[in-house]
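Dear colleague,

Please find below the structure that I am handing over to you. My findings follow it.

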Amino acid sequence: MPDTARTALISNDIVVLGLIAATLGLVFWTSSKQAGFWKKFYTFVPALLLCYFIPGIYNTIGLVDGQNTKLYNPVASRVLLPAALVLLTLTIDLKGVLRLGPKLLVMYAVSSLSVMLGAIVAFVAMRAFHPETVSGDTWGGMAALAGSWIGGGANMLAMKEIFQVDATTFGQFAVVDVGVGYVWMAVLIFLASRAKQIDERSGADTRGIEELKQRIESFQAQHQRVASLTDLAMIVGIAFGVVGLAHAIAGPLSAWFAGNVSWARTVSLHEPFFWVVAVSTFAGLALSFTRARELEGAGASKIGSLLLYFLIACIGLQMDILALLDKPWLFALGLIWISVHILILWGVGRLLRVPFFYFAIGSQSNIGGPASAPVVASAFHPSLAPVGALLGTLGYATGTGLAYVVGITLRSLAGASPA
């Protein structure tokens, strides 16, 4: 693995921010071309995918230090993400989202269960074909990864502490998390542009999604106007005002739960980021019932989408493509694991004849969590981002408990003794 911390050509985060902004600008400028090479190029390669992979290349070749930059954490994940959630949810048609029906929740639940089963299948398969891969405390690293793939980073760290996972093992599975999980996210983003063709072949009923999109677009057209300075000030003020409030509440609220509620750690209520995402999402939903929703006419959701694109680029900065070559068999284990997840979820989706969006967001709300589920949802349509946010937040509540079940099961299969 390249030592980007020592060899990165650009170590100044302000310069990296400028590079990311210029990259996004170039991608969107070329994707706006209506003829010639770029028109043909973007017919096959979604612009959103490039916003993710080009920063990954920057990190892989050592141009930037994606592991140590503060652009992802705290700037993108702790500030821009919740701000984007506020702007995208204040324009949402909540009744329309609820009309999407129970099948979406079924797909989410099956996604979680398939991740759990995939861990066991991958462990048993690798023990048969390459026992060295699952020797030692690999089972503990898999428990930590299960925490991430069912919930998020907070759940992954919880599993590390619960099962006392060695730092080296934990780091190796963090690479698998990025390499396998984020590549799967890129695949979903790529397939999102082909969702219509996929749904036509499967015969899925997409009326609920299409009606939601049409209502959002109709509302946008009805209130469309040239944004004034006051409009922009209101959009920025509401977005970052709520983010500030969410962070102010999250600290003491998470501390209170940690100190007074015995089961708080089981469902991650002791994690401030859980409350930041929850407060931002529900504040945005509350605002959607007020006149603040009319700010959509001035471009509120477009600004929210732009913030998400910065988040995508910052996620890409963390990916080191060549790092996967250091532990190829762990990468194989991760591929088996996520393949089981995909096959089970795809099979249930076909059985229920759900739209491809249900499959994608059910998967990403687990594998990616609240930081990236809205990104994948917005690849289908900006109005669907809040659906990803809501399901991704739900993963925080279930991730620790379900990953713990995975951990004790794998520990038993490995024949290890409790610490």
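Which residues does Ser280 touch, not counting residues up to four places away in sequence? Ser280 touches Pro82, Val86, Thr89, Val242 and Ala246, where contact means heavy atoms within 4.5 Å. Ser280 lies in helix H14 (residues 272-287); helices are DSSP runs of H or I with at least four residues, numbered from the N terminus. Ser280 is buried, its relative accessible area being 0%; buried means under 20% and exposed over 50%, with a 1.4 Å probe and protein chains only.

Please note that this is a predicted model, in which local features need pLDDT of at least 70 and side-chain atom pairs count only at pLDDT 80 or more, while totals for chains, interfaces and linings use all residues. Residues are numbered from 1 along each chain as its sequence is written, and side-chain values use heavy atoms, leaving out hydrogens and water.

Helix H11 (residues 195-202) has Ala195, Ile198, Asp199 and Ser202 buried. These residues are on the same side of H11 because they cover an arc of only 95° around the axis, taken from the directions from the helix axis to the C-beta atoms. Lys196, Glu200 and Arg201, on the other side of H11, are exposed.

Finally, Ile338, His341, Ile342, Leu345 and Trp346 in H16 meet Phe356, Phe359, Gly362, Ser363 and Ile367 in H17.

Yours sincerely

Definitions and conventions:
Helices (H or I, at least four residues) and strands (E, at least two) are DSSP runs, numbered from the N terminus.
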